[in-house]
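Here are my notes on this one, written as numbered points. Have the model open while you read.

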Amino acid sequence: MNRFRIVKYAAYGVEIILALVWQVTPYLLPELFGGKAVLLLPLALSIAIFEPAVPSMIFAVICGLLADCSYGGAIGFYAIMLLLMSFVISNLNSVYIRTSLLTAMLEALIVIPLIIFLQFLFYYVFAGYADAGYFFFHHYLSRILYTLALVPLFYGLNKLLNKRLGKS
């Protein structure tokens, strides 16, 4: 393993820690329309875009476990979802899709709403809460849009990181 890859993986680790701190610190990341962004989703997505399958899956599981812990839900939901997402995205981008901001946004438009909707489905609909539709439109929909709006930030940061330190 060359030193540039070690530095890049350390930078991903710092990026994950900073995103987690930014996400869980009260009033640091404002709520918009009742929803707070899940910063670790676009971060894991952007790592999967630029890295091979195995490293991206490792970082995705780390992001997923941290997201599970920070949201107080069942441990493993985000970890499993991000593991599957990173495997698919990494393989698609290494073989079939040319990496660009447009393709990253298209992938995010599929992956992020799917993961957040599945979380809503498992935690609210299947649990039998009343007025789940109201809760979705007033909290989860804004969470999806807010998270999608931050995809270019993480994509640009990781593109710059990969340009400076080389693609794995």
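1. Start with Met85: leaving out residues up to four places away in sequence, Met85 touches Ala44, Leu45, Val111 and Ile115. A contact here means heavy atoms within 4.5 Å. Met85 sits in helix 4, and its 7% relative accessibility is why this residue counts as buried. For these notes, buried is under 20% relative accessible area, exposed is over 50%, and partly exposed is in between (1.4 Å probe, protein chains only). Met85 and Leu41 lie 44 residues apart in sequence, with 9.9 Å between them in space, C-alpha to C-alpha.

2. A word on what you're looking at: this is a predicted model, where local features need pLDDT of at least 70 and side-chain atom pairs count only at pLDDT 80 or more, while totals for chains, interfaces and linings use all residues. Residues are numbered from 1 along each chain as its sequence is written, and side-chain values use heavy atoms, with hydrogens and water left out.

3. What does the secondary structure of the chain come to?

4. On to the core. The largest nonpolar core holds 47 residues, and Leu40, Leu41, Leu43, Leu82, Met85 and Ile115 have the most contacts inside it. By nonpolar core I mean a set of buried Ala, Val, Leu, Ile, Met, Phe, Trp, Tyr and Cys residues joined through side-chain atoms within 4.5 Å. Two or more residues come from each of helix 1, helix 2, helix 3, helix 4, helix 5 (101–125), helix 6 (132–149) and helix 7 (151–165). Helix 2 gives the most, with nine residues.

5. Not counting residues up to four places away in sequence, Leu43 touches Glu15, Ile16, Ala19, Cys63, Phe154 and Asn158.

6. How many salt bridges are there? The count is one, using the rule of a side-chain nitrogen of Lys or Arg within 4 Å of a carboxyl oxygen of Asp or Glu. The partners are Glu51 and Lys8, at 3.1 Å, N to O. Glu51 is in the loop between helix 2 (40–50) and helix 3 (53–71) and Lys8 is in helix 1 (residues 3–24), so the pair ties together parts that are 43 residues apart in sequence. Both Glu51 and Lys8 are buried.

7. Helix 3 has 19 residues and reaches 26 Å from first C-alpha to last, close to the expected 27 Å at 1.5 Å a residue; the expected span is 1.5 Å times one less than the number of residues. Its buried residues include Phe59, Cys63 and Asp68. Among what covers the buried residues of helix 3 are helix 1, helix 2 and helix 4 (77–95).

8. Now look at Pro113, which is found in helix 5. Leaving out residues up to four places away in sequence, Pro113 touches Ala108, Ile144 and Leu148. The C-alpha atoms of Pro113 and Leu148 are 8.5 Å apart, with the two residues 35 apart along the chain.

9. Is Leu29 buried or exposed? At 4% relative accessibility, Leu29 counts as buried, and this residue is found in the loop between helix 1 and helix 2. Aside from neighbours within four places in sequence, Leu29 is in contact with Trp22, Gln23, Lys36, Ala37, Leu39 and Tyr146.

10. Finally, the whole chain. A compact globule of 168 residues would have a radius of gyration near 15 Å, and the chain's 16 Å agrees; the radius is taken over C-alpha atoms, and the globule rule is 2.2 Å times the number of residues to the power 0.38. The C-alpha trace spans about 55 × 35 × 25 Å along its principal axes. Buried residues make up 44% of the 168. Of contacts between residues at least 6 apart in sequence, 73% join residues at least 24 apart.

How values were computed
Helices (H or I, at least four residues) and strands (E, at least two) are DSSP runs, numbered from the N terminus.
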